[in-house]
Every structure is written in C-alpha cells, then in structure tokens.
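Here is a short note to read alongside the model. Please keep the sequence and the 3D view open as you go through the points.

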Amino acid sequence: MTRSTNFFSQTLLKGSKKAAIMMALLLTVCVSYSFAKPADSLNGDIRTSFRKDFQTAHIISTEGHKGFTKLTFKMNDVVMYAFYSDNGQLLAVTRNITSNQLPIQLLLEVKKDYSNYWITDCFELTGEGASNYYITLENADGSVTLRSNGTENWDVYDKKSKE
C-alpha cells in the first residue's frame, strides 16, 4: 500500500467512526424522546380554575371533547370527575356512590318501586349549585336509569328492554 492510500483509508475510517458515534447519539436522543411524557393538553384557563376549585386534588387523567374537558382526579381518597368548558368554567362534578349514600327518600323509593332490580351504576352529579343523583337498575327484562328530581323523588331518564 502506498502512503497516500494508507492516509485515505485512515481518514475514511476516522470519518466512519465519527458517523457511527453521531448515529448512535441521534438514535439515543430519538429513543429518549419517544418514551418522554406527552405534552400536557390541559389549557391554562382550565388548569387555573381546577387548581382554584380543588386545591388539594391530584389529576389522574384528562380527556378533551368538543366543547368541554373531563378531568379525572382524586381528592381525599375519592375519585371524582370534573367537567370544564373550554374557557375554564366548571360545568359539573360527578362521583360514584353506593346506594347507601343516596338521600333516604330516594333510597326508599328505589327499594319500594324497583325491588326486582339490581343496581349497576349510581352516581351524584353536582352542577349549577344543585345535586342530582342517577341510578341505573337492571333485571332480566331490561334496564332503567333514574334521575333524581331534587332529593325526594325520581324521574325515568332512560329505559331499555333486553331482546
């Protein structure tokens, strides 16, 4: 091998080492970013309102929908859901409850009128300064969802028959 060929080979080898190191570095950076936490999708108005409304709460997840955002959060060891308009106005808060947490009059009415049903869902919805309760009951023939009208009686919100 001549001296110029040897020099050319060494230069090429040094260049390939540099290229290999650069590729490895680029690959490492790309992989690191692929595992990074996604950008926070919560807008500033909603975040500010949420922090004001629920100072001690911890956000678990957020879901953006057309016209509102649903935040799942935990406060005092209770999982709740807050619904905010896009401009940060609190629309409603819901939480799952047991039937024993219903107001007594509502519980008595369910036990009397729907004794052959079992409960599949029960939650409290608070919005615009008032609380309403929803309960879904099911039996072999179908299901019925009731919505409280205040704390004393129920209205049928939805009814489905099983086919």
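1. **A buried loop residue.** Let us begin with A57, which is buried at 9% relative accessibility. Here buried means under 20% relative accessible area, exposed means over 50%, and partly exposed is in between (1.4 Å probe, protein chains only). A57 sits in the loop between α2 and β1. Helices (H or I, at least four residues) and strands (E, at least two) are DSSP runs, numbered from the N terminus. Leaving out residues up to four places away in sequence, A57 touches F50, R51, F73, K74 and M75, a contact being heavy atoms within 4.5 Å. A57 and K74 are 17 residues apart in sequence, yet their C-alpha atoms are 5.6 Å apart in space.

2. **What you are looking at.** This is a predicted model, in which local features need pLDDT of at least 70 and side-chain atom pairs count only at pLDDT 80 or more, while totals for chains, interfaces and linings use all residues. Residues are numbered from 1 along each chain as its sequence is written, and side-chain values use heavy atoms, with hydrogens and water left out.

3. **Confidence.** The average pLDDT of the chain is 82, and 75% of the residues score at least 70; pLDDT is the predictor's confidence in each residue, from 0 to 100. Over residues 16–39 the pLDDT is below 50, and this stretch has zero contacts in the model beyond near neighbours in sequence. Please keep that stretch in mind when you view the picture.

4. **The overall layout.** How many helices and strands are there in the chain? There are three helices and eight strands, and from the N terminus on they run α-α-β-β-β-β-α-β-β-β-β. Of the 163 residues in the chain, 27% are buried. Among contacts between residues at least 6 apart in sequence, 29% join residues at least 24 apart.

5. **The sheet.** Eight strands form an open sheet in the order β1-β2-β3-β4-β5-β6-β7-β8, with antiparallel pairing. Two strands count as paired if DSSP finds at least two bridges between them. β1 (58–65) and β8 stand at the edges with a single partner strand each, so one side of each is left without a neighbour in the sheet. From one strand to the next, the twist averages 20 degrees. As background, strands of a sheet pair through backbone hydrogen bonds, either parallel or antiparallel.

6. β6 pairs with strand β7 (residues 142–149) in the antiparallel sense, over five bridges. If you want a place to look, find Y134, which stands opposite R147 in β7.

7. **Helices across the sheet.** Helix α2 (residues 44–53) lies across β1, β2 (68–75), β3 (78–85) and β4 (90–96), and runs at about 135 degrees to β3. Helix α3 (residues 104–113) lies across β6, β7 and β8, at about 40 degrees to β8. For these angles, axes are lines fitted to C-alpha atoms, for helices over the stretch in contact, and angles run from 0 to 180 degrees between N-to-C directions.

8. Is F50 buried or exposed? F50 is buried, with a relative accessible area of 0%, and lies in helix α2. Apart from residues up to four places away in sequence, F50 touches A57, I59, L71, F73 and Y84. F50 and L71 are 21 residues apart in sequence and 9.0 Å apart in space, C-alpha to C-alpha. T72, in strand β2, is buried as well, at 10% relative accessibility. Beyond its neighbours within four places in sequence, T72 is in contact with residues including H58, I59, V79 and Y81.

9. **Charged pairs.** The structure holds four salt bridges, each defined as a side-chain nitrogen of Lys or Arg within 4 Å of a carboxyl oxygen of Asp or Glu. One of them joins the side chains of K162 and E138 (2.9 Å, N to O). This pair links distant parts of the chain: K162 is in the segment after β8 (153–161), E138 is in strand β6 (residues 130–138), and they are 24 residues apart. K162 is partly exposed, at 43% relative accessibility.

10. **Two further salt bridges.** D158 and K160 form a salt bridge, with the closest N and O atoms 3.8 Å apart; D158 is partly exposed at 32%, whereas K160 is exposed at 53%. The side chains of D113 and K112 also meet in a salt bridge (3.8 Å, N to O). D113 is partly exposed at 41%, and K112 is exposed at 64%.
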